[in-house]
Number of protein chains: 2
Amino acid sequence: MEEQFNEIENNHDIPEQEDTEKIEILSPPMLIEVDEELIQEFSELIRLKSVSVLANLLYDLYPADIAHLINRLSSEEGEYLFNLLDAEIGGEVITMLDEAQRASLYEILGKHRLSSIINKLDSDDATDLVSEMPAQIAEQVLESLDKPTQSEVQELLQYEPTSAGGLMAKEFVAVFANDTVNRAIAAVRKASKTMKEIYNVFIVDETGKLVGDLRLKDILLHSPQKKVRNVMNRDVITANVFLDQEEVARLFKKYDLVILPIVAGDGTLVGTISHDDIVDVMEEEASEDMYKMAGSDAAEIEKKSPLEIAKMRLPFLLASMALSLCTGIVISMYNQTLSRLIILASFMPVISAISGNTGLQAAVIMVRGLSTGHIAVADWKKKWWQEMRAVWTMAIVCGVVLGLVAGIWSQHLMIGVVVGSSMFLSMSTAATMGTLIPVLSKKLGFDPAATAGPFETTFQDIIGVSIFLTLSTLLLRLV
Amino acid sequence: MEEQFNEIENNHDIPEQEDTEKIEILSPPMLIEVDEELIQEFSELIRLKSVSVLANLLYDLYPADIAHLINRLSSEEGEYLFNLLDAEIGGEVITMLDEAQRASLYEILGKHRLSSIINKLDSDDATDLVSEMPAQIAEQVLESLDKPTQSEVQELLQYEPTSAGGLMAKEFVAVFANDTVNRAIAAVRKASKTMKEIYNVFIVDETGKLVGDLRLKDILLHSPQKKVRNVMNRDVITANVFLDQEEVARLFKKYDLVILPIVAGDGTLVGTISHDDIVDVMEEEASEDMYKMAGSDAAEIEKKSPLEIAKMRLPFLLASMALSLCTGIVISMYNQTLSRLIILASFMPVISAISGNTGLQAAVIMVRGLSTGHIAVADWKKKWWQEMRAVWTMAIVCGVVLGLVAGIWSQHLMIGVVVGSSMFLSMSTAATMGTLIPVLSKKLGFDPAATAGPFETTFQDIIGVSIFLTLSTLLLRLV
């Protein structure tokens, strides 16, 4: 800040706002919070149809907050409010609405308003909206779009939504390697009119292949007459247009990227993915791991119909039921033992709960570690050994405590020994399975999150109960 | 790209590299993958001490890949390789190493090398390293740091690591509202020497209060003679230095931020948090939810000693054990029923597994929704009703299937009816509890992830088994 500044003579064909001389007190920016009170206030104003007051209030809100507000209002109130927005703000707001709210807007807005909104959006957001519209509306809207937007959306619709191509936007700033820095500046200025955020200028050769990039701060450093090829950064991280979004997210995380250029098979620059799209992907992937471990799917939150949700979860529950019936069969094989010592039935839930938990803890560490890349499949032995040492420590404590409880409760030393050692053994097998099943799944190409979780817990049940009842039967023979 | 470009006369005191005229073929950038083969190759070269070959190979790798490589090598090999890096690259690499690998580097590097590395880092990374060093080493290193770095690190060490202050860096570009755009450009140029990424120039008043910002692309649009106050953006999102990192992450996600200015209570600009720090926070928060639901903690992956892991998980397992012993007590109260109809014991695992799963599915949806902000506490009734309708559908299917299995297996119609209706009832209560416990926890200020999960599953066990055994006892009275 203290450095002598450099005079740069500016070209005057750029429109500038008036440099007013009035001395105005500047105040720090304030964020208006959308709380219950504000929601009530809007609701009331909508009822009174106070358009000008509403417009004024909306003007002070960020699009994300307007979206949040509309999501919290009734769908009629939300539609009324949305209709007060211009196409520009409307576009930003609509992408952030709940899917249900958006679905009802598609029905009422009409193709002209919808296409004028979509024309204002970046191509990736535009494509997302068009692809979720009912087929008939989508077709009409697509037809009424501006030609450039239309062709971009049509191109992007070709890609798998969870691939790099499905995430990318067609908007980027690019110049040729033989252009000057000044040309790059001109390109940024031109693109500024339609792009909200610009971080880099990408550099391509005559055939459109990406050969480098230039950050905006670097543009400010170099003489405008320099050729871009001599000042550009050549170590650009890129991703193929077909790369899966999970891998794309990993690149962002690993290399701290703010924007990632996407290339076709021949190296041609075809689009870019920006950091804010990746934040959503990461959240989605994390949620998906959790949902899968609970035997559901991330897609569930999107589905609104109970029947659809039931359809998604039922196969899992029925499979889980079949598996736990096996535990039932094991128990029925030991009916004699149980009948003679009915108190044993009281310890079965403890043994299956604790070994189930132990298995789940081990599995969560592995699933999450494999998914974030903190754990490599090749490291499984180290991880397993680390887990086992922790679990043996816990298994000794749990075994002794439960053994004491069982011994005192039954007033029978041997029952204490059997219960305690069953606890120890089933915790050890649980930890082993919890660590190895995710690794094995990953190796065989399955999703570790889908194979771990309750399936594993149920499987662990069978093992735990078998160990316990076998030991108990042996005990009865001895006594 | 096609626009006429504007001539900007550049000041010549900025050092420029030679504009070489040789025509060189530009090739698309290539990412070298760190695979087993490369790791073997490095391992062999380290054994042979081929310093120059290693240096050449390292030169082609990104810091993130060098870190990945060192993590996969033995700790001696890793140290050897790290010693070949200069302070600049070494600094980038060290922040990305596994904690264990870093801990051994602290021991061997010596305070001079360590402080020369830390001098090159951004203040947030520097602070993270100093705070994890053993106290004695940290003190020595802190003393040998350059004065500016030293005072920045000392300031940042004051903040809670999970607060905005603990995440922020002291490096940012700021000019006064009454400065010219040209002054802002000069500030960016000066800062470029030490800052890797610059996205914005922040604008402060005479007292240091943040009053606006200017994106780099906007700087390129305006005449350098303009006053910054007349062209700046005034709607800047800011966060207080004490805000929790989870809230900070939510701001990034909601407003698609790339950088967030952090202010003190009086509005003074004190630092900035950038998008890449937030990616780590988001991943951490998602993992934490998962770990907590499994009765562990995100801190676990950081801990290497099995004893530490056991200490962290044991209280949870023991509490869970106490809770499942209650299930055992319930069972023992119905010992008579069980002795008379021992086949009932075979259905207990199914009922507790399926109702446990149903509860977990409902809980995961709520925990994740509350945590990402997709579900508001105020919406709980809507969510509960939606969940119930899905669960009733599933409970009818599961109840009928299990009832048929039980009826056929036991050759007794009434047992089928009892088992089937117990399944239906325990699934319904499980879904209710799974939805309401996270909401209630959130309302009471507890972490929904910590109260849901296995505790809930175990609790559900007690209810499921009680329903089942009570119905069975009633049946026996009737028969």
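**Exercise 1. Determine how many residues of chain A are in contact with chain B, and describe that side of the interface.**

Solution. Contact requires the C-beta atoms of two residues, placed from the backbone, to lie within 7 Å. By this criterion, 128 residues of chain A are in contact with 127 residues of chain B. Helix 17 (residues 306-333) of chain A supplies the largest share of the side of chain A that touches chain B, namely 16 residues; helices (H or I, at least four residues) and strands (E, at least two) are DSSP runs, numbered from the N terminus. By class, the residues of this side comprise 68 nonpolar, 33 polar and 27 charged. Here Ala, Val, Leu, Ile, Met, Phe, Trp, Tyr, Cys and Pro count as nonpolar, Asp, Glu, Lys and Arg as charged, and the others, Gly among them, as polar.

The model is predicted: local features need pLDDT of at least 70, side-chain atom pairs count only at pLDDT 80 or more, and totals for chains, interfaces and linings use all residues. Residues are numbered from 1 along each chain as its sequence is written, while chains are lettered from A and ligands numbered from 1 in the order in which they are written.

**Exercise 2. Characterise the pairing and burial of strand 6 (residues 269-274) of chain B.**

Solution. Strand 5 (residues 259-263) of chain B pairs with strand 6 of chain B in the antiparallel sense over 5 bridges; pairing requires at least two DSSP bridges between the strands. Ile259(B) stands opposite Ser274(B) in strand 6 of chain B. The two strands form a hairpin with 5 residues between them, and Gly267(B) in the turn has a positive phi of about 90°. Regarding burial, 6 of the 6 residues of strand 6 of chain B are buried, so this strand is largely enclosed by the rest of the structure. A residue is buried if 20 or more other C-beta atoms lie within 10 Å of its own, exposed if 12 or fewer, and partly exposed in between.

**Exercise 3. Describe the surroundings of Glu79(A).**

Solution. Glu79(A) lies in helix 4 (residues 75-82) of chain A. Glu79(A) is partly exposed, with 18 other C-beta atoms within 10 Å. Not counting residues up to four places away in sequence, Glu79(A) touches Ser104(A), Leu105(A) and Ile108(A).
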